[in-house]
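Hi,

Here is the structure I promised to pass on to you. Have a look at it first, and then read my notes below.

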Amino acid sequence: MPLIGTFGAGAARGFGQRQGGSSPFIEACGGTKSTDGNYTIHTFTSSGSLCVSKLACCAADNVISYMVVAGGGGGGDGRGGGAGAGGFREYKSPVDTYTASPLDGNPGGTSITIGCTGAIPVTIGAGGVGYSAPTRQGQRGGNTIFSNVTSTGGGGGGGGGPPPSTAGMPGGSGGGGGGEGLTGGGNGNEPPVAPPQGQNGGPASGPNATKGGGGGASETGGTQPGPSFRSANGGDGVPTGINPSTCVGTPGPAPGRWFAGGGESCGNPSGYGGFGGGGGSTPMSGDSPAFAGKANTGGGGGGRSTTGGSGIVIIRYKSA
C-alpha cells in the first residue's frame, strides 16, 4: 500500500523518485487523464485507483490538489423536502495555480502527500434513492473516499403527506424538512470537518404543506412559508477551477465548474435546484417532469422522491 496522508517536507525522499525515466514530477494513471498547462488531472466518475508509478524529485510537488464530492441524497416523497448535496472537500496544493473554491482547505484542512508508488483506491458514492417506507424520507447518498479524505453522502429529504411528516436527514449537506407540518431540516457538515463540507437543509416552516429545500455546499436550503404548495429552493454549491473542462460539473453565476448543489422541494409553482447539480421537482399539477440530482456533481435530488447525483473525485498535480 502506498504511504499517504500528511507528511513533512522531507517525507518523499528515499522512495524511488528517479525510477521510470528522467521526468522530475509525479507519474500516474487512473480515471480520465487530462492536462491543464503544466498540471495533470485525473477525473474519477466511477470507483477505481490512482496508480502512481513515480514520485516527484521535489517534496513540495508530491503534495497534490484534490476535490472529493460524495453522492447527493434522495428527495422526500409526497410533499417532500429537497435532498442535501453530497459533502464537498477540496485542497489546493501550495504549488498549484488554479482558482480554488471558497471551501479550499489550504491552510487548515487535510493535505495529501503521495509518499510511495502503488495504487490508491478511489470510491465514488452513489446518489441516494428517493422515498422509503415508512418514513417517506429519501435515502442518504453514498460516501466518496480518496486516501484519508472522506466526503459524507447528502441527507435525504423529509417526507410530506400523508401525515405524519418527517424531518430532513443529516449528511454532508442536510435534507429539507417535509411538508404537512413543522419539521426540521437535517444538519449539514455531519460528521464535522474543517472547512465545512456542506450546509443545513431548510425547515418546513409552517403548516399546510410548506417544505424545505436541501442544503448545498455553500448555502443552506430554502424555506417557503406560503402559499401552501410553493416550493423551496435548493442551496447553491461551489465553483472550482481544479478541472476547467465543461464535461464536469455545471455552469453557474461565477467562473469555474460548480458542484454539490441542494435539491428543490416539491411544489407548484416551482423554484430551482441549487447551482452545482441540485435537482428540481414535480409540480403538484404534474405538468412537468421531476429532476434528479445531476450525475457526478453530488447534487441533491428534488422533492417527490427523485434520486441524488453520484459523486466525483478530481486529482491534480504538477507534471511539467
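This is a predicted model: local features need pLDDT of at least 70, side-chain atom pairs count only at pLDDT 80 or more; totals for chains, interfaces and linings use all residues.

Residues are numbered from 1 along each chain as its sequence is written, and side-chain values use heavy atoms, with hydrogens and water left out.

On to the overall picture. The chain has 14 strands and zero helices. Of its 320 residues, 56% are buried (buried means under 20% relative accessible area, exposed over 50%, and partly exposed in between, with a 1.4 Å probe and protein chains only).

Now for the cavity. A cavity is found on a 1 Å grid over the protein atoms alone, as a set of points where a 1.4 Å probe fits but cannot get out; lining residues have an atom within 4 Å of a point. Grid points are joined across faces, edges and corners, and a volume is the space filled by probe spheres set on the points. The structure holds one cavity of 30 Å³ or more, and the largest cavity has a volume of about 70 Å³. Which strand gives the largest share of its lining? That is β7, with four residues. Among the lining residues are Tyr 66, Tyr 91, Ala 194 and Pro 195. By class, the lining has seven nonpolar, three polar and two charged residues (Ala, Val, Leu, Ile, Met, Phe, Trp, Tyr, Cys and Pro count as nonpolar, Asp, Glu, Lys and Arg as charged, and the others, Gly among them, as polar).

Next, the aromatic rings. Rings of Phe, Tyr and Trp (its six-membered ring) pair if their centres lie within 6.5 Å; planes under 30 degrees apart count as stacked, over 60 as edge-to-face and the rest as tilted. There are two aromatic pairs in the structure. One of them is Tyr 66 with Tyr 91, a stacked pair at 6.1 Å centre to centre and 15° between the planes. Tyr 66 is in strand β6 (residues 63-69) and Tyr 91 in strand β7 (residues 88-91), so the pair ties together parts that are 25 residues apart in sequence. Both of these tyrosines, Tyr 66 and Tyr 91, are buried. In the pair of Trp 258 and Phe 275, the ring centres are 5.8 Å apart and the planes are at 55°, so the pair is tilted. This pair links distant parts of the chain, 17 residues apart, with Trp 258 in strand β13 (residues 257-259) and Phe 275 in the loop between β13 and β14 (312-318). Are these two buried or exposed? Trp 258 is buried, at a relative accessible area of 6%, and Phe 275 is partly exposed, at 37%.

Seven of its seven residues are buried, so β6 is largely enclosed by the rest of the structure. Val 63, Ser 65, Met 67 and Val 69 point one way from β6, and Ile 64, Tyr 66 and Val 68 point the other way. For its neighbours, you need one more rule: two strands pair if DSSP finds at least two bridges between them. Here is what that gives for β6:

- With β7, the pairing is antiparallel over four bridges, and Tyr 66 has Tyr 91 as its bridge partner.
- With strand β8 (residues 112-114), the pairing is antiparallel over two bridges, and Val 63 has Thr 113 as its bridge partner.

Last, some backbone details. Most residues other than glycine have a negative phi, and most peptide bonds are trans. Cis peptide bonds join Glu 190 to Pro 191, with omega about -5°, and Ala 194 to Pro 195, with omega about -10°. Pro 195 lies in the loop between β11 and β12. Ala 260 is not a glycine but has a positive phi of about 60°; Ala 260 counts as buried, at 0% relative accessibility.

Cheers

Definitions and conventions:
On a 1 Å grid over the protein atoms alone, a cavity is a set of points where a 1.4 Å probe fits but cannot get out, and a pocket is an open set with protein on both sides within 12 Å along at least five of seven lines; lining residues have an atom within 4 Å of a point.
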